[in-house]
Amino acid sequence: MAATVRVQEADFDTGRELDAMTRGRTDVGAQASFAGLVRASSEGDEVKAMTLEHYPAMTARALEDICAQAAAKWKLIDTLVIHRVGRLVPGDRIVLVGVTSAHRGEAFAACEFIMDFLKTRAPFWKREETPQGTRWVEARSSDDEAAARWKAG
Amino acid sequence: MGVTLLYFASLREAVGLSREDIPLEAGSTVSALVESLRGRGKAWNDALAPGKSWRVAVNQQMASLATPVRPGDEVAFFPPVTGG
């Protein structure tokens, strides 16, 4: 299985990225994708912007490892993860995950799995700018629970 | 040859350091390393407290207290991740 991982400051074109995964192929029967965006509110406060910090030497490797785990679990054709870093404002894209397979079941499941593991294993940290000042986003226990349920299955 | 220590996000701010190189005793582990870092003072002890939620990676892979640390390794400490 192929896997593409990109960590970048620049924005990306969701449609173009997803189209590139299927162009010229006749074996893809299903493509699932997830896009994460910056929301203008968090914990009841207005968010003016957020800055994403990461651990450059580890990030791509962690994302590749997550894609490899998904490929070991389901029959996939291709996976794509693009994650932005740096300063982003509400409405900006943060992350795109794309998965192709022969049938929809694998594509849906693998896409959700990759996001759940990205949320708990990939070394990114968000810092929000609010009218009350800047603050680090706290990890959510619901994210750990979402990742843990894949082990039970 | 020692080890390189990296600190990220809120943990970096708490200890006031992003990177350092320190000497290392043979047969060391993450646990022994954390123990010595905690001895540096209150900020360190608080940031790496046993009940506190923090993560560690050795050579860019998620690790645990029992993970061995060898000369030349890169050990990173950080809070639970919040990407996506």
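Predicted model: local features only at pLDDT ≥ 70, side-chain atom pairs only at ≥ 80, totals over all residues.
Local features are described only where pLDDT is at least 70, and side-chain atom pairs count only at pLDDT 80 or more, while totals for chains, interfaces and linings use all residues. Residues are numbered from 1 along each chain as its sequence is written, with chains lettered from A in the order in which they are written.

**View 1. The open sheet of chain A.** Let's start with four strands in the order β1-β6-β8-β2 of chain A, an open sheet with mixed pairing; strands here are DSSP runs of E of at least two residues, helices are runs of H or I of at least four, and both are numbered from the N terminus. Two strands count as paired if DSSP finds at least two bridges between them. At the edges are β1 (2-8) and β2 of chain A, each pairing on one side only. From one strand to the next, the twist averages 5°. Helix α1 (residues 14-22) of chain A packs on this sheet, touching β2, β6 and β8 of chain A, and its direction makes about 20° with that of β8(A). α2(A) also packs on the sheet, where it touches β1 and β6 of chain A, at about 150° to the direction of β1(A).

**View 2. Strand β8 of chain A and its partners.** β2(A) (residues 30-37) runs antiparallel to β8(A), joined by eight bridges, and L37(A) has R93(A) as its bridge partner. On β6(A) (residues 78-84), the antiparallel pairing with β8(A) spans six bridges. Look there for H83(A) opposite V95(A) and V81(A) opposite V97(A).

**View 3. Two helices crossing in chain A.** Helices α2(A) (residues 56-73) and α3(A) (residues 104-121) pack at about 145°, their axes 10 Å apart; axes are lines fitted to C-alpha atoms, for helices over the stretch in contact, and angles run from 0 to 180 degrees between N-to-C directions. The contact residues include I66(A) and A70(A) of α2(A), and I114(A) and F117(A) of α3(A); residues are in contact if their C-beta atoms, placed from the backbone, lie within 7 Å. By class, the contact has ten nonpolar residues, one polar and two charged; Ala, Val, Leu, Ile, Met, Phe, Trp, Tyr, Cys and Pro count as nonpolar, Asp, Glu, Lys and Arg as charged, and the others, Gly among them, as polar. Beyond four places in sequence, I114(A) touches I66(A), C67(A), A70(A), T79(A), V81(A) and V97(A).

**View 4. Where chain B meets chain A.** Here 14 residues of chain B and 23 residues of chain A make the contact. On the chain B side, α1 (9-15) and β7 (74-78) each supply at least two residues. That side has nine nonpolar, five polar and no charged residues.

**View 5. Around T29 of chain B.** T29(B) sits in strand β3 (residues 28-29) of chain B. With 16 other C-beta atoms within 10 Å, T29(B) is partly exposed. Its contacts beyond four places in sequence are L65(B), A66(B), T67(B), P68(B) and V69(B). The C-alpha atoms of T29(B) and R70(B) are 8.1 Å apart, although 41 residues separate them along the chain.

Methods:
Contact = placed C-beta atoms within 7 Å. Buried ≥ 20, exposed ≤ 12 C-beta atoms within 10 Å, placed from the backbone.
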